[in-house]
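Here are a few notes to go with your first look at this model. Have it open beside you as you read.

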Amino acid sequence: MSEQEDRIFMKRFSLVIAGLAVFAILIILFSIWLGKQLQPSENPNRYAAKQARLAPVFDVYAGETGRAAAAEAAALAAAEVSAQVAFEGSLDGGMIYDQVCAACHTTGAAGAPMLVSADWTTRLGQGEDVLVEHAINGIGTMPAKGGRMDLSDEQVRASVEYMLAAIE
C-alpha cells in the first residue's frame, strides 16, 4: 500500500469514528430529553413499601395511656393478619387443594405423596391430627402450609381432610 492510500484510509476511518461519536452523543441527548418528558407516576405498592420501611421498629408504652395504646395496636395488628387470610378465609378443602397442594401432590414432586392409597399406607397410621400438624409446620421438603403462610390452620385442616377423603 502506498502512503496516499494510507492517508485516505485514515481520513475515512477518522470520519467514521467521528460520525459514530456524534451519533452516540445525539442518542444520549435524546434519551435525556425523553426522560425529562416522562412524568413519573406514584406506584401505590412502592409508596406502601416506603411507609413500611419508615415505620418505627417498636413502640414504648407506659402507664394506663400506654396500655390502651398497646391494646389498640394489638387489635389493629390482629385485624391486619385476619384480613390477609388466603382465599377470603374459605374452608373449601377442594379449592384450597387445587390452588395450593395439587402442584406437588398430583405429580409427586419432591416425594409428595399422591392421592393413591399406596402412598399413604404408613402416613394414615399416624392419624389425622399428626398429618394436619405436618401440613401446618412442614415436614421433609414440604414447606409449612405448602408455602402459603397466609393460609389459616383451619384452611390447612380442611385441605388435609379433603385429601384424605379423596385417596383412591
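Is Lys-145 buried or exposed? Keep that in mind; point 1 takes it up. Note that this is a predicted model.

1. Lys-145 sits in the loop between α6 and α7. With a relative accessible area of 14%, Lys-145 is buried, because the cut-off for that label is under 20%. Its backbone deserves a look too: phi is positive, about 55 degrees, although Lys-145 is not a glycine.

2. For background, most residues other than glycine have a negative phi. Ala-110 is another residue with a positive value, its phi being near 55 degrees. You'll find Ala-110 in the loop between α4 and α5. Its relative accessibility is 61%, so Ala-110 counts as exposed.

3. α6 covers residues 128-137 and α7 covers residues 153-166; they pack at about 125 degrees with axes 9 Å apart. That angle is why the pair is called oblique. The crossing of α6 past α7 is right-handed.

4. Who makes that contact? From α6 come Glu-128, Asp-129, Leu-131, Val-132, Ala-135 and Ile-136, while α7 brings Asp-153, Val-156, Arg-157, Val-160, Glu-161 and Leu-164. Sorted by type, the contact has seven nonpolar residues, five charged and no polar ones.

5. A last word on α7. Its 14 residues reach 20 Å from first C-alpha to last, close to the 20 Å expected. Gln-155, Val-156, Ala-158, Ser-159, Val-160 and Met-163 are buried there, and the buried residues of α7 pack against α4 (93-105), α5 (117-124) and α6.

Key:
Residues numbered from 1 in each chain as written. Predicted model: local features only at pLDDT ≥ 70, side-chain atom pairs only at ≥ 80, totals over all residues. Heavy atoms only, no water. Axes fitted to C-alpha atoms, helices over the stretch in contact; angles between N-to-C directions. Helix = DSSP H or I, 4+ residues; strand = E, 2+ residues; numbered from the N terminus. Parallel < 35°, antiparallel > 145°, perpendicular 65-115°, else oblique. Left-handed = near helix turned anticlockwise from the far one by under 90°. Contact = heavy atoms within 4.5 Å. Nonpolar A, V, L, I, M, F, W, Y, C, P; charged D, E, K, R; others polar. Expected span 1.5 Å × (residues − 1). Buried < 20%, exposed > 50% of the residue type's maximum accessible area, 1.4 Å probe, protein only.
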